[in-house]
Amino acid sequence: GQMAGYPDLSLPVARRGFHSLQIEVKRIGGRVSPAQFCVLDMLREYGNQALVCYGAGEAIKALEFYLAEGR
């Protein structure tokens, strides 16, 4: 049980100037709810990278980029 609107994936690892990576995964053509927009904005305000990825492939690319060297 996470709070309403909280992203699907959370990686609590500091990289690239962010405290963590948060990803809301949507199917291609899916929509982000108002609660999800609010939570993503809040997470960004606190120094996290918070993304919406459409499909697993996009989420995997975001994770790989976030974890790649170049911190």
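Helices here are DSSP runs of H or I with at least four residues, strands are runs of E with at least two, and both are numbered from the N terminus. With that in hand, look at helix α1 (residues 34–45), which lies across β2 and β3 and runs at about 140 degrees to β3. Angles like this one go from 0 to 180 degrees between N-to-C directions, using axes fitted to C-alpha atoms, for helices over the stretch in contact, where contact means heavy atoms within 4.5 Å.

This is a predicted model, so local features need pLDDT of at least 70 and side-chain atom pairs pLDDT 80 or more, while totals for chains, interfaces and linings use all residues. Residues count from 1 along each chain as its sequence is written, and side-chain values use heavy atoms, leaving out hydrogens and water.

Now for the sheet. Three strands make an open, mixed sheet in the order β1-β2-β3; strands pair if DSSP finds at least two bridges between them. Because β1 and β3 (49–54) stand at the edges with a single partner strand each, one side of each has no neighbour in the sheet. β1 and β2 run antiparallel, joined by three bridges.

| Residue | Relative accessibility | Class |
|---|---|---|
| Ser20 | 6% | buried |
| Glu69 | 65% | exposed |

Ser20 sits in the loop between β1 (9–11) and β2 (21–26). Its neighbours in contact include Leu11, Asn48 and Tyr66. Glu69, meanwhile, comes in the segment after α2 (56–67).

Terms used: Buried < 20%, exposed > 50% of the residue type's maximum accessible area, 1.4 Å probe, protein only. Lists of a residue's contacts leave out its neighbours within four places in sequence.
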